[in-house]
Amino acid sequence: MTVHQISRRSALRTFGVGVGAALGSGLLAACGSNGKDPAALGTAAASVAPRRGGKLRAAFAGSSAESTSVLQATGSAIDYVRARLVWDTLGELEGSSVVWRLAESVEPNADATRWTVRVRDGVTFSDGRRLTAQDVLFSLRTLAGNPTTQSALLGGLDPVASTVRDPRTLDLVLKSPDGFFDLALAQSIFVIPDGTTDFEHAVGSGPFVLKSWTRGSSSLLAARRDYWDSSRGGPYLDEIELASVVDAGARVNGLKAGQFDYAGGITLTAARAEANNRDLRIVTAPKELWSDLALTMNLGQAPFTRPEAVEALKYAIDREAMVRTVTLGFGEPADDALGKYQSWYDTSLPRRAHDPERAKQLLAAAGLGGLKLSVRTSDYEYGTLESATAFVQQGQAAGLAVAVDRIPAADYYTDIKALLSAPLQTNRYNAMPLPLQLSFFYGAKAAYPFTGPADDTLDGLMTAMHAAVGDARRAHAVNDVQHYLHERGGDAVFARIPPAAAMRPSVRGVQARGFFDYPCLRDAFLSA
Amino acid sequence: MSRTGPLARALRSLAGAVGTLLAASLLVFGATALVPGDAAAARLAGRAGPERIAELRHGLGLDQPWWQRYGHWLWHAVQGDLGTSYANGTPVADLIAARAGNSLLLGAVAAALLLPLSVGLGLWAGLRAGRAADRLVSGATLALVSLPEFVTGTLLVLLLAVGLGWLPAVSLPSAGNSPLSQPELLVLPVLTLVSVCLAQNVRLVRAGVIVASASDAAQAARLGGVPEGRVVLRWVLPAGIVPAVPVMARYLAHLLGGTLVAETLFGYPGLAAALVNATATRDTPVVLGIALIVATLTVMLNLLADALAGVLNPAAKNLS
């Protein structure tokens, strides 16, 4: 679920941790010349040899509350992009696979209650200090113990019981079994030196250092020529200048006027309008990183305490029409399950056809004929208000009287009580590794159970999922949860929608690596 | 009137100004307290669990009664301490100082163009009422004001930045620099602001000039053989701009206090965008800080406008 107010949107996307993978060599995917068909994505950039030197000027959404603090690195898009350049992480995702960075390996014990992290050798911070396991433990404790985005991911960690075994090894102790803790460790776990007290000036081991910064305006970063991983890739650029531009239209205008080389977070309308502009390259996220649009029913609230009402609503949605009108044709239908195209996703899940008559029959059989519904929604991010509006008409065909309850964008998420008690609301679930996403939104331990309290069956499945160790068992456990949610869950996930960005054709090497809206510029370069 | 009259009036004005600022701060604080959610939820909702949000809420002192929080803020504010941002812990004064400077710069440059243009064009048109020049000025300014600000700005960006490439589309200073060191950044926002504010001011001055030009004082001067140029400068102009002064003061406060459309459209880092962001994130100290700046500017400019009107308007002087 996410936002329009740019800071809010960025903030929430931050948790929407994706599995970035890119096509070909991990580059973002470019639209085909017709700009409409995401299936026609190209990977021409992969064939271009990296060129050293130059300065990349990239614009992202920022805010007047930007910060260089590592504790608020995920506060806005521009903060996040900057953070990914200054601080290395333990690991990151490519597709559904973890690629370890500062961690060399991460292994669980037999019941996934302890995880052993082997720290990479030969890494130095920008002040010359060598990375040790103590730095990693300090970073984990700091991120877990402060109000950070990462604290939710590290909620299962027992920071006190976790210890350093030797300078390159640490033993992480969990409060309960979690076979997916490696995925949490691959999510923006920025590493800072042990003993850091000034988090706004925390030293990093990343490929760039921050030379100058003006809040809400711009950041200038210079490449580290002694970067530990430079033998395998970037930094190729000499400098990167990040511009903080709140309005998506202004970012595109700046790109077209030649002020920027890259504009993150453009609207699908702009993507369509500029599809044939030869001076620009429009890119959309790899499909694993698309967002899922859903109508979310709270199963603890009437009328969705009745399974017939839940089922009827799923049949009442015209998914093809949603793709055409809400995603402007860029998206594709979804099948009442999150995380399609991730390796965790069970491709055997069937699609519910649009069947308003069946919906009517279900409602009539349950004595719910003439049902009136109110959809809580907002324009905090594209796709939610539009979905609610489109559903008004679709609902009529199924005998549902649907009213749109539009909430101001700034109030939508801050009113948590309303958020968790609304019988019906729109949702835009941004991509994150499916096991983490399921844990975050479903089950008794979910932080945001939008679909209401879980029953014993779902809780049992979630517990089994967390206890699963080994790829085969883990995949099986995730699929069990997915099947349950597909059949009995409160999320009618009806469409997938891609985020988009634009760049000058000379820009190469930009990678999503888990986050399309805050891409990794580590290996970016400017071709001749 | 006694000799202490002006002093008493000044004291009354000052007391009124302080009262206005207090009322404004209370209203703004009350509004932020009444809306759903708070800064802790705005910062972490959807990203961390409710327990973590509750911890942050306690850490920020948001679980205290509103009157206690307001009292705490007011006590420090009167001592010059505007507190720290709930969003990132930065002192509010630091957070808004640069943006206030940017807004003042943009507003001052726009005002420096707007005021002489308004007076000059209004005077020119008013002295030629009903003639071609008047119709030209009136028609052109009416056309400008009928265009919404964002349309004017967008057209200027498309023409002068995207199309011709003469000016930057985004008015964002590079890291460590102020807009003053890159004056080209100011051109499009200033043109947009002036075009939007110009029409009403010109028309007000024009109307005032027409009335003043036909006044008994001006006619008597003319009959007395006073040259027309002196009549205009001595009688027509001062009386003609009096009706426009309060309106101009409001425009000035608007320009100096931040202009949201221009800041959004051109990405200019000013106060208005910061206020919107702080409101959305329930960052009450920042909202109050910016509101106080804008309210102070408005009060000061209104006091100045009153004083100026008193000086310019003979009737007002006589009344005093």
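How many residues lie between β9(A) and β10(A) in the hairpin that they form, and which residue in the turn has a positive phi? The model is a predicted one, and in it three residues separate β9(A) from β10(A), with Gly216(A) in the turn having a positive phi of about 75 degrees.

Another hairpin of chain A is formed by β5(A) and β6(A), which have five residues between them, and in its turn Ala112(A) has a positive phi of about 55 degrees. Strand β6(A) pairs with β5(A) and is also joined to β8(A). The table lists these strand pairs together with those described above.

| Strand pair | Sense | Bridges |
|---|---|---|
| β5 (residues 103-108) and β6 of chain A | antiparallel | five |
| β6 and β8 (residues 169-173) of chain A | antiparallel | five |

Within β6(A), Thr116(A) is the bridge partner of Glu107(A), while Trp115(A) stands opposite Leu172(A) in β8(A). In a regular strand the side chains alternate between the two faces of the sheet. In strand β6 (residues 114-119) of chain A, the covered face holds Trp115(A), Val117(A) and Val119(A), whereas Arg114(A), Thr116(A) and Arg118(A) belong to the uncovered face.

Turning to the helices of chain B, the axes of α8 (residues 184-213) and α11 (residues 244-256) come within 9 Å and cross at roughly 170 degrees. Because of this angle, α8(B) is roughly antiparallel to α11(B). The residues of α8(B) that meet α11(B) include Leu193(B), Cys197(B) and Leu204(B), and among those they meet on the side of α11(B) are Val247(B), Met248(B) and Tyr251(B). By class, the residues of this contact between α8(B) and α11(B) divide into nine nonpolar, three polar and no charged.

When neighbours within four places in sequence are left aside, the residues in contact with Phe494(A) include Leu293(A), Ile317(A), Arg319(A) and Pro333(A).

Is Trp67(B), which has 10 C-beta neighbours inside 10 Å, buried or exposed? Trp67(B) lies in helix α4 (residues 66-77) of chain B, and it counts as exposed because it has 10 C-beta neighbours inside 10 Å. Between Trp67(B) and Leu188(B) there are 121 residues of separation in sequence and 44 Å in space, C-alpha to C-alpha.

Finally, between the two chains, 47 residues of chain B are in contact with 48 residues of chain A. On the side of chain B that touches chain A, the elements that give two or more residues are α2, α3, α7, α12 and α13 of chain B, and α13(B) gives the most, with six residues. That side of chain B has 26 nonpolar, 13 polar and eight charged residues.

Methods. Residues numbered from 1 in each chain as written. Chains lettered and ligands numbered in written order. Predicted model: local features only at pLDDT ≥ 70, side-chain atom pairs only at ≥ 80, totals over all residues. Buried ≥ 20, exposed ≤ 12 C-beta atoms within 10 Å, placed from the backbone. Helix = DSSP H or I, 4+ residues; strand = E, 2+ residues; numbered from the N terminus. Pairing = 2+ DSSP bridges. Axes fitted to C-alpha atoms, helices over the stretch in contact; angles between N-to-C directions. Parallel < 35°, antiparallel > 145°, perpendicular 65-115°, else oblique. Contact = placed C-beta atoms within 7 Å. Nonpolar A, V, L, I, M, F, W, Y, C, P; charged D, E, K, R; others polar.
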